[in-house]
Amino acid sequence: MYLVDYHIHSSCSFDCEFTMLEMAKAAYKRDIKELCFTDHLEVTGELGMLIGPEEFELPEKQAKQYAACLESAPIDMKIGLGLELEHIGDDPARAKRIYGMPEYDFVLGAVHRLRGYEDFYFINYLNREQCFDLLDKYLDELIEMVEIGAFDSVAHIGYCARYMYRDKINVTLEYHDFPEKIDALLGLMIEKGKGIELNCSNLFEREGQTLKTSFPSAEILARYKELGGDIVTIGSDSHSIDTAGLGIKEGMRLLYELGFNYFTVFKKHKPEFIRIEGVF
């Protein structure tokens with residue numbers, strides 16, 4: 001069984017306190033043989049690391065940690081360098097320059113807040129109507145992001161539902177609720193050769209978790225496959241050594257049950273397909 005984690009953070013992210021080396025060693029203990037660090041980067045530099053607007057070089061902290069990780073991580077572990085690039089639509093030109101930097105293997109495209117709103121984490125969710133309105137706007141911004149490009153795989157589609165559940169609102173992003181917009185999104189992703197991330201952050205048990213699902217949901221993943229999509233990356237979205245690599249086996253099993261035969265890794269933005277084997 002070959003397990004990979006293509007969404008994992010380190011202390012280069014504002015919300016993680018563990019180094020790349022610490023995270024890699026923790027993931028290796030959970031049988032992860034390949035990972036790609038995807039630390040947060042808001043395209044405008046408002047939160048976390050900053051690249052640009054003039055110099056487009058690796059942030060010093062990221063460069064040092066990656067070099068140390070390559071030197072001391074388990075010898076049979078493959079380690080790539082990437083980003084979770086957020087709010088690409090706020091500065092498309094800068095996003096494209098960041099994407100073109102030669103040091104990165106893989107970039108997740110993410111929407112964590114809507115224009116004119118706080119981050120999804122901080123919103124006070126009151127009712128289903130409000131949640132569905134926000135999800136509708138969220139799909140619009142994802143479509144805009146895919147139109148722009150500057151990423152390889154769309155991160156955690158529908159993840160904001162975890163915060164809606166936190167506030168006791170029973171809402172998830174499902175295909176049957178937004179079929180036209182989700183088809184538009186998935187179709188555009190396939191047309192432009194962009195992948196979809198299977199985010200496993202809610203597939204394993206952890207304190208305070210109220211919602212157990214993948215992001216996107218199995219229904220949306222199935223529709224992606226039905227439309228001809230075949231680029232699927234998989235990640236734990238871990239920010240701690242306690243969770244590094246968790247959920248990946250469950251995610252692989254879900255892909256297999258949905259009829260996917262391969263998952264995807266990236267080297268310098270080029271997809272490589274690996275057969276799903278030995279999951280059960």
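Which residue forms a salt bridge with Lys137, and how far apart are the closest N and O atoms? In this predicted model, the partner of Lys137 is Asp133, with the closest N and O atoms 2.6 Å apart. Lys137 and Asp133 are four residues apart in helix H4 and are therefore separated by about one helical turn. Lys137 counts as partly exposed because its relative accessibility is 30%, and Asp133, at 36%, is likewise assigned as partly exposed. Elsewhere, salt bridges with shared partners link Asp90, Arg113, Arg115 and Glu144 in one network.

Within this network, Arg115 pairs with Asp90 at a closest N to O separation of 3.5 Å. Arg115 lies in the loop between strand E4 (106-110) and helix H4 (128-148), and Asp90 in the loop between strand E3 (78-86) and helix H3 (92-99), so this pair ties together parts that are 25 residues apart in sequence. Another salt bridge, between Glu60 and Lys64, has an N to O distance of 2.9 Å. Both Glu60 and Lys64 are exposed; they lie four residues apart in helix H2 (residues 60-72), a separation of about one helical turn. The total is 14 salt bridges.

Strand E6 (residues 195-199) is largely enclosed by the rest of the structure, because five of its five residues are buried. In a regular strand, side chains alternate between the two faces of the sheet. On one side of E6 the buried residues are Gly195, Glu197 and Asn199, and on the other Ile196 and Leu198. E6 pairs in the parallel sense with strand E5 (residues 153-154) over two bridges, and Val154 stands opposite Ile196. Strand E7 (residues 232-235) also runs parallel to E6, joined by four bridges, with Val232 as the bridge partner of Ile196.

Methods:
Residues numbered from 1 in each chain as written. Predicted model: local features only at pLDDT ≥ 70, side-chain atom pairs only at ≥ 80, totals over all residues. Heavy atoms only, no water. Buried < 20%, exposed > 50% of the residue type's maximum accessible area, 1.4 Å probe, protein only. Pairing = 2+ DSSP bridges. Salt bridge = Lys/Arg side-chain N within 4 Å of Asp/Glu carboxyl O.
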